[in-house]
Amino acid sequence: MLALGVLISGRGSNLQAVIDAIASGELDAEIRVVLSNRADAAGLERAEKAGIPTAVVDHKGYRDRQSFDAALIERLQASGVEWVLLAGFMRIVTPLFLQAFPNRVVNIHPSLLPAFPGVDAQAQALAHGVRITGCTVHLVNEGVDAGPILAQAAVAVALDDTPDSLAARILVEEHRLLVETLQAIAENRLIVETGDDGRTRARMAQGPDKQ
Ligand code: GRF
């Protein structure tokens, strides 16, 4: 059972996908707490509806990133969180945060990384004219959307796509990929290795049904 803490800043559709997958038995996890840096994040209501404890930790109330992160860590640890999911959390976490949850912070990003990190990934993909984009679930490191890749899914770009229409199709894949990846972690199938080149990579061992 994965003891999850989820950090959000907005809509919370990925959070909802995780809530639903836990409810249906597809994902062996428990969300111990949902934290938002914004009081108006719609995801907070989704969590409350599911009976999950929530709290608003507003970054504006802290003098720097590190003290904001210290407040997040304190709440996550007090709730018994072992793995942290960044699900549309629009703040960059500091090394202090990563040290508190080493190789246990997961992010979902709407592009095939390393292409199009940062904000507005779908608009970036359209601006570049790529034919294929998608989404990536990855471990968080000190770079922006730069940590070891756990899983990716491809989405074809349509000629008449707008950032919104493309985002909507990517989101369907995000929800599926995120749940699958978290379940693989819950099954202890995540392998993290640092290669001779000094790069840390992650992979998933095959599940019992696929061996
Ligand atoms: C998603 O596209 C996710 O990939 C990105 O932020 C968006 C969050 O959407 N990091 P939601 O709040 O989960 O609906």
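**Ligand site and backbone**

Author: A polar side-chain atom of Ser 13 is 2.6 Å from an oxygen atom of the ligand. Keep in mind that this is a predicted model.

Reader: Which side chain has an N or O atom 2.7 Å from a ligand oxygen?

Author: That is Glu 174. The backbone takes part as well: a polar backbone atom of Asn 14 is 2.9 Å from an oxygen atom of the ligand.

Reader: How much of the ligand's accessible area does the protein cover?

Author: 86% of the 370 Å² that the ligand has on its own.

Reader: And where does the ligand sit?

Author: In the largest pocket. Helix H1 (13–24) and strand E5 (105–109) are the elements that give two or more residues to the shell around the ligand.

Reader: Which residues surround the ligand?

Author: Arg 11, Gly 12, Ser 13, Asn 14, Gly 88, Ile 108, His 109, Pro 110 and Glu 174. By class, that shell has five polar, two charged and two nonpolar residues.

Reader: Which domains does the shell draw on?

Author: Domain 1 (1–102) and domain 2 (107–211), with at least three residues from each.

Reader: Switching to the backbone. Which peptide bond is cis?

Author: The one from Leu 113 to Pro 114, with omega near 10°. Pro 114 is in the loop between E5 and helix H5 (121–128).

Reader: What about phi of Asn 103?

Author: Phi there is near 55°, a positive value in a residue that is not glycine. Asn 103 belongs to the loop between helix H4 (95–100) and E5.

Reader: Why flag these two spots?

Author: Because most residues other than glycine have a negative phi, and most peptide bonds are trans.

Terms used:
Residues are numbered from 1 along each chain as its sequence is written. This is a predicted model: local features need pLDDT of at least 70, side-chain atom pairs count only at pLDDT 80 or more; totals for chains, interfaces and linings use all residues. Side-chain values use heavy atoms; hydrogens and water are left out. A residue is near a molecule or strand if one of its heavy atoms lies within 4 Å of it. A polar contact is a pair of N or O atoms within 3.5 Å; within protein, one must be able to donate a hydrogen and the other to accept it, and residues adjacent in sequence count only if both atoms are side-chain atoms. Accessible areas come from the Shrake-Rupley method with a 1.4 Å probe; for residues, only the protein chains shown count as cover. On a 1 Å grid over the protein atoms alone, a cavity is a set of points where a 1.4 Å probe fits but cannot get out, and a pocket is an open set with protein on both sides within 12 Å along at least five of seven lines; lining residues have an atom within 4 Å of a point. A molecule sits in a cavity or pocket if more than half of its atoms lie within 2 Å of its grid points. Helices (H or I, at least four residues) and strands (E, at least two) are DSSP runs, numbered from the N terminus. Ala, Val, Leu, Ile, Met, Phe, Trp, Tyr, Cys and Pro count as nonpolar, Asp, Glu, Lys and Arg as charged, and the others, Gly among them, as polar. Domain bounds come from an automatic or database domain assignment.
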